[in-house]
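Here is a short briefing to read alongside the chain you have open. Take a look at the sequence and the fold, then follow the points below.

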Amino acid sequence: MTVPDSSAFGPLGPGDAFGPVGPDDLTGHAGPGGPPADPSATPPPRASVPFTGPLGPAAGSGGPVRLDGPWTHRDVAANGARFHIAEMGEGPLVLLLHGFPQFWWTWRHQLPALAEAGFRAVAMDLRGVGGSDRTPRGYDPANLALDITGVIRSLGEPDAALVGHDMGGYLAWTAAVMRPKLVRRLVVSSMPHPRRWRSSMLSDFAQSRAGSYIWGFQRPWVPERQLVADDAALVGRLIHDWAGPRTSDFPDDATVDVYRRAMSIPSTAHCSVEPYRWMVRSLARPDGIQFNRRMKRPVRVPTLHLHGSFDPAVRTRSSAGSGEYVEAPYRWRLFDGLGHFPHEEDPAGFSAELISWLKDSEPDR
């Protein structure tokens, strides 16, 4: 597996990627619990590099977030905020949680597949992203996990199978520990257990280098500006760089344009990086230490762990040890030749694996 050098993210400057971070940079923005975002920190996207995809400027009648499809859109209230969801189908609830730098639309292939298989499929926008509220605080994983379990209750369901990718996977792990009665099953893609993530980032140089973008997020204000510069061109770069070699049709221009438009919505860039700021800045703080201890509690629901063998952002060996935190049936599935987005790079294969496991009454360990 090839791990990108941190220099691949380029020197700091307008339009470049996030770059390295030094100790003095960790004292900038206070993160969760700190001051609200300065509106001037996230300027409107520049028009120097126009969107070129075939979707056109409106991206459908629903704008950049409520994209047209066989699903329906609505808002639900949970944990003191409003969350946008896209849903379709009837049956046991499957709640889909997106990662960075995406939003609910990343599950556009799985929504109809799950609905056809007899599930109520719901994809939500996490706090601060897509069509959900952008609050000045509340981006620590414990509160974000309460957003998720609050949405389950707002949907009138007793529990849900959580399916999380990237940051959504980190929060799915967290929700399964914090509110086990509300999580029927757990599916995580491209993200290790939070304790495994912490140890890998601190002790595995290769993983720390692969996750150099997270260190770069610690700089105050600069990442937000870079994410929205040139019509969020960096979002397209990241998606291209993190995709695996097996598929040649992902990502196409239309897909990249959708994600660039969504990131260009004011304050989205700031809210997207705040959870990563908390993950690093809390490492030696009481709240971070308490969270890490809390995550010692084992996951006691059947768990499916999915990963692309060529994921350059999260190394395979970083995720593979997560089973030690699960005291329930645990299945590890490695997708050969796929990168960080297996649900989009091979949607049919991913959906088949997911649905087969969800329907298995006795998943193996």
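Contact here means heavy atoms within 4.5 Å. Helices (H or I, at least four residues) and strands (E, at least two) are DSSP runs, numbered from the N terminus. This is a predicted model, in which local features need pLDDT of at least 70 and side-chain atom pairs count only at pLDDT 80 or more, while totals for chains, interfaces and linings use all residues. Residues are numbered from 1 along each chain as its sequence is written, and side-chain values use heavy atoms, with hydrogens and water left out.

**The chain as a whole**

- The chain holds 13 helices and 8 strands.
- Of its 365 residues, 62% count as buried, where buried means under 20% relative accessible area, exposed over 50% and partly exposed in between (1.4 Å probe, protein chains only).
- Among contacts in the chain with a separation of 6 or more, 77% come from residues 24 or more positions apart.

**Helix H4 and its cover**

- Helix H4 spans residues 194-203, and its buried residues are Pro-194, Arg-195, Trp-197, Ser-200 and Met-201.
- The cover over these buried residues includes H3, H5 (205-210), H6 (212-216), H9 (268-281), H10 (286-294) and H11 (316-320).

- Strand S2 (residues 81-88) has 7 of its 8 residues buried, so the rest of the structure largely encloses it.
- Strand S1 (residues 72-78) runs antiparallel to S2 and is joined to it by 7 bridges; two strands pair if DSSP finds at least two bridges between them.
- One of the bridge pairs links Ala-78 with Ala-81 of S2.
- S1 and S2 make a hairpin with 2 residues between them, and Asn-79 in the turn has a positive phi of about 50°.
- S2 also pairs with strand S4 (residues 120-124), in the antiparallel sense, over 4 bridges. Here Met-88 stands opposite Ala-121 in S4.

**Strands S5 and S6, with two buried residues**

- Strand S6 (residues 183-189) is mostly covered, with 6 of its 7 residues buried.
- Strand S5 (residues 160-165) runs parallel to S6, and 6 bridges join them. Ala-161 has Arg-185 as its bridge partner in S6.
- His-165 sits in strand S5 and counts as buried, at 0% relative accessibility.
- Not counting residues up to four places away in sequence, His-165 touches a set of residues including Trp-107, Ser-189, His-340 and His-343.
- Gly-169 lies in helix H3 (residues 167-178) and is buried, with a relative accessible area of 0%.
- Leaving aside neighbours within four places in sequence, Gly-169 contacts Gly-164, Val-188 and Met-191. Gly-169 and Met-191 are 22 residues apart in sequence, yet 5.8 Å apart in space, C-alpha to C-alpha.

**Helices H7 and H8**

- The axes of H7 (residues 222-242) and H8 (residues 253-263) come within 8 Å and cross at roughly 135°. Axes are lines fitted to C-alpha atoms, for helices over the stretch in contact, and angles run from 0 to 180 degrees between N-to-C directions.
- H7 and H8 are therefore oblique to each other; angles under 35 degrees count as roughly parallel, over 145 as roughly antiparallel, 65 to 115 as roughly perpendicular and the rest as oblique.
- Residues making this contact include Leu-227, Val-228 and Ile-239 of H7, and Val-256, Tyr-259, Arg-260 and Met-263 of H8.
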